[in-house]
Amino acid sequence: MPGDKPMRLALFASGRGSNAMAIISAVRSGKLKNIVPVVVVCDKEKAPVIGKARDAGIPCELFLPKTFDSKEAYERAILVHLRDFDVHGIALAGYMRLVGPVLVDAYPDRIVNIHPSLLPAFPGLHAQKQALDYGVRVTGVTVHFVDLLMDHGPIILQRAVSVLPEDTEETLGSRLLSVEHEAYIEALEVLSMGRLRIYGRRVLWT
Ligand code: GRF
């Protein structure tokens, strides 16, 4: 993805949508310059992100997996919409679903995800609780490219967050979330400028 033209970005979300909204706000405030958020894709009927995106004036398209015969059909329908919006890249922002081959092949090295742990520690659901239960003193956030495995692709950026003795899932989660918002914006800036090169599992910033 060359850095000369703004990257037309789709945001995929399933719930609250704070990461999606942080990205949209960063674009609006001029902090994130080379990105145009063009559409939000949501897979949950009652997700708060739907109203938030629409309030922000970004179209939000709802795709319910259960209304399709297969995951392939579901992703093909999404792909048609992404092409209508001339989408160049996808940021998963609390999208609670594995991305399949239809989308991964259509957007090679142009799908990214954020996860609230220092991967490969604590992939999957409830990463904050996993970190607390394990007793780690440091956890964090990871922005990574998306492949077909869960929370697995090459790592773009990580930020550490200390776990405090008095932390609960909520307090740790909320400190992680603020760091997520900053980290995602930084990673998207570099991605959209065409500054990332992937060598195997390693991502070099140029
Ligand atoms: C975030 O913690 C994100 O890292 C994880 O799911 C959560 C989504 O939060 N993948 P939000 O919907 O962006 O507020």
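Trainee: Which residue has a polar side-chain atom 2.6 Å from an oxygen atom of the ligand?
Mentor: That residue is Glu 180. Please keep in mind that this is a predicted model.

Trainee: How much of the ligand does the protein bury?
Mentor: The protein buries 88% of the 370 Å² that the ligand exposes when taken alone.

Trainee: And what does the backbone of Gly 17 do here?
Mentor: A polar backbone atom of Gly 17 is 2.8 Å from an oxygen atom of the ligand. Ile 114 also has a polar backbone atom to consider, which is 3.3 Å from a nitrogen atom of the ligand.

Trainee: Which residues are around the ligand?
Mentor: Gly 17, Ile 114 and Glu 180 are among them, together with Arg 16, Ser 18, Asn 19, Gly 94, His 115 and Pro 116. By class, this shell has five polar, two charged and two nonpolar residues.

Trainee: Which element gives the most to the lining?
Mentor: H6 does, with six residues. Helix H6 spans 169-192, and H1, S5 and helix H5 (127-134) also give two or more residues each.

Trainee: How many residues of each class are in the lining?
Mentor: The lining has 15 nonpolar, 14 polar and seven charged residues.

Key. Residues are numbered from 1 along each chain as its sequence is written. This is a predicted model: local features need pLDDT of at least 70, side-chain atom pairs count only at pLDDT 80 or more; totals for chains, interfaces and linings use all residues. Side-chain values use heavy atoms; hydrogens and water are left out. A residue is near a molecule or strand if one of its heavy atoms lies within 4 Å of it. A polar contact is a pair of N or O atoms within 3.5 Å; within protein, one must be able to donate a hydrogen and the other to accept it, and residues adjacent in sequence count only if both atoms are side-chain atoms. Accessible areas come from the Shrake-Rupley method with a 1.4 Å probe; for residues, only the protein chains shown count as cover. Ala, Val, Leu, Ile, Met, Phe, Trp, Tyr, Cys and Pro count as nonpolar, Asp, Glu, Lys and Arg as charged, and the others, Gly among them, as polar. Helices (H or I, at least four residues) and strands (E, at least two) are DSSP runs, numbered from the N terminus.
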